[in-house]
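Colleague: I should like to understand the reasoning behind the terms used for this model. Please set each value against its definition.

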Amino acid sequence: LTRGAMDFITKPYKPGVVLHRTANIISLRETAALVNQMEYDRLTGLYSQAFFYQRVRQALRQNPDEPYDLLCSNVENFKFINEVFGLAVGDQILRLIARELRESLPGEHFCGRLQADIFACLLRRDSIDLEAALNRATERIRGESGVKSFSMKWGVYSVTDARIPAERMCDRALLACNSIRGKYGRTVAFYNDE
């Protein structure tokens, strides 16, 4: 068991016990696979919406005094990209965004895909220039996808009260994100009460 065995059967072997334990192991594996499918977004490999919210609650509960930022992003005119370049290019862009979020954001963080082209990340506030890091990620996505008109908007909510529901934090970050939609030259907005 210390080397990774999940179960053992003592001698003398009884066929009914072997069949029952084998069925239990198969059932556990199928359940684990189902949970894994629900936990992760199939296309991007990031957390699904429900599991992302759960992870945010867990992280804030475990580290209530840590300074966190919740980040939400939205691709400008994603519908247009899908229509003009096709769904395959749209899916490629979503995978590129997921990769950039995993690899390019500073420090300890985790991300999820909330819906369609809306992504969210919880990251510890760092001294790095977040706006510059996000702009570099957008440039890499634009270059790799070949879509010259690709543009992303980012909204940031600085977590001040860990008791606020994760869904509301994302709503606030998305409000900030949507406040700069269609504004050329503005890529990042920080949430405030206004």
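Modeller: Please bear in mind that this is a predicted model. We may begin with helix H6, which has 13 residues, 166–178.

Colleague: Which residues of H6 are buried, and what puts them on the same side of the helix?

Modeller: The buried residues are Ala 166, Met 169, Cys 170, Ala 173, Leu 174, Ala 176 and Cys 177. They cover an arc of only 155° around the axis, and therefore lie on the same side of H6. Among the elements that cover them are helix H2, strand E1 and strand E4.

Colleague: Why is Val 156 called buried?

Modeller: Buried means under 20% relative accessible area. Val 156 has 0%, so the term applies. This residue lies in strand E4. Leaving aside neighbours within four places in sequence, its contacts include Leu 70, Leu 130, Ala 173, Ala 176 and Phe 190. Ala 189, 33 residues away along the chain, has its C-alpha atom 6.3 Å from that of Val 156.

Colleague: What makes Ser 73 buried?

Modeller: The cut-off is again under 20%, and Ser 73, with a relative accessible area of 0%, is therefore buried. Ser 73 belongs to strand E1. Beyond four places in sequence, the residues it touches include Ile 118, Phe 119, Trp 154 and Cys 177.

Colleague: Why is Arg 55 called partly exposed?

Modeller: Partly exposed covers what lies between buried, under 20%, and exposed, over 50%. Arg 55 has a relative accessible area of 27%, so it is partly exposed. It lies in helix H2 and touches Tyr 47 and Phe 110, not counting residues up to four places away in sequence.

Colleague: Is Asn 77 buried or exposed, and how do you know?

Modeller: Exposed means over 50%. Asn 77 has a relative accessible area of 52%, and is therefore exposed. It is found in the loop between E1 and helix H3.

Colleague: What is the phi of Asn 77, and why is that worth a remark?

Modeller: The phi of Asn 77 is positive, about 55°, although Asn 77 is not a glycine. It is worth a remark because most residues other than glycine have a negative phi. Ala 116, in the loop between E2 and E3, also has a positive phi, of about 30°, although it is not a glycine. At 46% relative accessibility, Ala 116 counts as partly exposed.

Colleague: How do you describe the way helices H4 and H5 cross?

Modeller: Two packed helices are described by the angle between their axes and the distance between the axes. The axes of H4 (residues 87–104) and H5 (residues 130–145) come within 10 Å and cross at roughly 145°. The crossing is right-handed.

Colleague: Which residues of H4 and H5 meet, and how do they divide by type?

Modeller: From H4 they include Ile 93, Leu 96, Arg 99 and Glu 100, and from H5 they include Ala 137, Arg 140, Ile 141 and Glu 144. The residues of this contact divide into six nonpolar, three polar and four charged.

Conventions
Residues numbered from 1 in each chain as written. Predicted model: local features only at pLDDT ≥ 70, side-chain atom pairs only at ≥ 80, totals over all residues. Heavy atoms only, no water. Helix = DSSP H or I, 4+ residues; strand = E, 2+ residues; numbered from the N terminus. Expected span 1.5 Å × (residues − 1). Buried < 20%, exposed > 50% of the residue type's maximum accessible area, 1.4 Å probe, protein only. Arc of directions from axis to C-beta. Contact = heavy atoms within 4.5 Å. Axes fitted to C-alpha atoms, helices over the stretch in contact; angles between N-to-C directions. Left-handed = near helix turned anticlockwise from the far one by under 90°. Nonpolar A, V, L, I, M, F, W, Y, C, P; charged D, E, K, R; others polar.
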